[in-house]
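Take a first look at the fold below.

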Amino acid sequence: MKKRWISLALCLALLLSLAPGALAADIGADTVTGTFTYCPALGMVGVPDQEQTFTYSDANFMQSGYRYRKGLAVSSMELTMAAFSSSGDAGYEDASRNLQALLERCGFTGFAVNEGFCTRPTSDSIGVGAAYKTICDNGGTYTLVAVGIRGHNYSGEWGGNFRIDETGDHAGFVLCRDQVLDFLRAYLAEQGITGRIKLWMTGYSRSAATANLVGAALDGGAALGEDVRLSPHDLYCYCFEPPMGTAADNASDPIYGNIHNIVNEADVVPKAAPAGWGFARYGVDHVVPYVTDADYTALRDEMLKEFETFSVAGPYQIDNFRMVSLDLTKLGTGSALRETGEQVTQREFYDMLIDALLRDLAPTRADYVENLQDDLIELTTTLFGFDGGSMGAAMLLFAGKVSQNAETLLDSLTISGAIENGTMVKLLERYLFESLNEAGVNGYDAQQVREMAASLAGLVAKFAVKNPDLAATLMVNLMTILSAHFPELCLSWLRTLPEDYMASQQTYACSGAYADVAADAWYAQYADYTTVGGLMNGVGSGCFAPEEPMTRAMFAAVLYRLEGEPAVTDGSPFTDLKADWYRNAVAWAYQTGVVEGMSETAFAPDERITREQMVTMLCRYAGCADGAYPELEGYTDAGDVSGWALTAVRWAVATGVLQGMTETTIVPQGTSTRAQAAAFLTRFCET
């Protein structure tokens, strides 16, 4: 929603200085490039945080949050990777150092984190950090608050991913949502931030599910402070590879279209919690290229050039997925496993796998809670909570050992196989110990590891006996499956896809909100845009009344809402203000110079507003009344523009806010309908 006519001097005064020597960027520039560090997915013992380039621009926040943009998606992914807990020698108290460094390099200040980011993680903790800066937009200033939620290298928080509970939203993610909201409220109060804000929030995996729920809560009206004003259009929520955390019935409202979910269909994480239990995500899913897409190979090859710049990301393995079958009668012969040759994709395999898991292990959420939940929470909290080295690396090493020894593990289900190779418990126990040691993890309890191996072996054996082909395929492809969740892969896709690729994967999130607005009407997106942003409301009974007239009082009220309805202490000289619903709006518009009245004492609130009156009010609101704009060449009725409105009309035509009624007429004296007013406002906010 950038207004290019805002004075350069104002923008220069509001931009914050960068840390000395951090970047070579021109003072006053709204675009910053540099490097940031993050904890890699394959972080091994002795492997430090990795360095990558980034680009940040204030311009990303000058249009509605409902519009997906590649530049903002890339910056959001870079921010969420910086929000991973730092690896290497960073202790808990220094785990957020990468996030702080990136935000400060982008001109943000006031960095702070919650207690969960700087203390030992527990099963239900979450790490979140924030910083802010002031930016110019819509003829005024906003506080842009950037929020990074920890989504990798989070230790014992793994346990909370399995706290689903019997009803309602995913219980573990709800606990995280509430912690983030509490932190945000306290942060804004401590920093003294009030008035209009823009909120940039991002997360990966577990933190993406959390961001998804936080964004939905804010869209639903959750307050951030008594004097803090956040329009849904000013919420920029990007969630990468997010699990599902809410009931499907809750997620369909178009207001959640400012929540953008970036999903790789080769990644199993976004499949949880399962749709079979009624789970879904808020917002809009944007899907990266998949193996069944016609243009997949060309796009993948371009992506791989970027992916190869990540030195510790490992090989691209998704295309290696293969379906196998297991002949239980041939276990122990060395020929029980064979490739089926079936053209089954990972996406199709996940659907089959999840259906089988639900059928055989936990048909309902109640079954899961009763039989599995507590054990899985305890197992993962303990396992990932071990000190020293990298537990993420240990689990990847373990997955590799399972894949390489899949047939040996399955042979152990037979007596002869167990005699020759050891039971499945002993094999898994050995692989776990080897993986922990190779990853440099040294703070584990050996007895706990043995108990984990026994629990895991029991689940695998039970599932394999009932679903031998699915179990074998899962074990053989385990590393391939896990590699689809690497953040480096997600960022590589986002950086290399064409500008409009991901946006083209969605339909307009808010179309069809009114019974009297056809989906293909020229004004449909404008009616939805102004309604979702709280600028214009329907007239009742699910109708927008697009052809009804727009009055001067109505338009003043709309601009007052755009400003966030600030407190009004003084009145106006107008004696014809009869209704309370617009009184404060007109007083605010008069005090700020947006309106001058039809005379010294008359505002004429019920008169239909003309097109030139409307753009004049917008021009004054934007602070562009003193600018120089091109002549109205090509319009035969340019002479009909009133002298007092000429600058505003020229500005509106030059910026595209005002478009002609025909190719040669602008009809400045014509009155406006509600549909036309919605179009004016949308163009104004998005120019």
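A polar contact here is a pair of N or O atoms within 3.5 Å, where one must be able to donate a hydrogen and the other to accept it. Keep that in mind while reading this predicted model.

Start with K133. This lysine is found in strand β4, which spans residues 128-137. Is K133 buried or exposed? K133 counts as buried because its relative accessibility is 4%, and buried means under 20%. What does its side chain meet there? The side chain of K133 makes a polar contact with the side chain of D58, at 3.0 Å. The K133 side chain also reaches the backbone oxygen of C106, at 2.8 Å.

The largest nonpolar core has 145 residues. W200 and L494 have the most contacts inside this core. Which helix gives the core its largest share? Helix α4, residues 171-191, supplies that share with 9 residues. A second core is separate and has 57 residues. Among its members are Y514, A622, V649 and W651.

Go back to L494. Leaving out residues up to four places away in sequence, L494 touches Y68, K70, A73, V74, M77, F240, I262 and M502.

Finish with Q404. Q404 is found in helix α9, residues 391-404. Q404 counts as exposed because its relative accessibility is 68%, and exposed means over 50%. How far apart are Q404 and M475 in sequence and in space? They are 71 residues apart in sequence and 8.6 Å apart in space, C-alpha to C-alpha.

How values were computed
Residues numbered from 1 in each chain as written. Predicted model: local features only at pLDDT ≥ 70, side-chain atom pairs only at ≥ 80, totals over all residues. Heavy atoms only, no water. Core = buried A, V, L, I, M, F, W, Y, C linked by side-chain atoms within 4.5 Å. Buried < 20%, exposed > 50% of the residue type's maximum accessible area, 1.4 Å probe, protein only. Helix = DSSP H or I, 4+ residues; strand = E, 2+ residues; numbered from the N terminus. Contact = heavy atoms within 4.5 Å.
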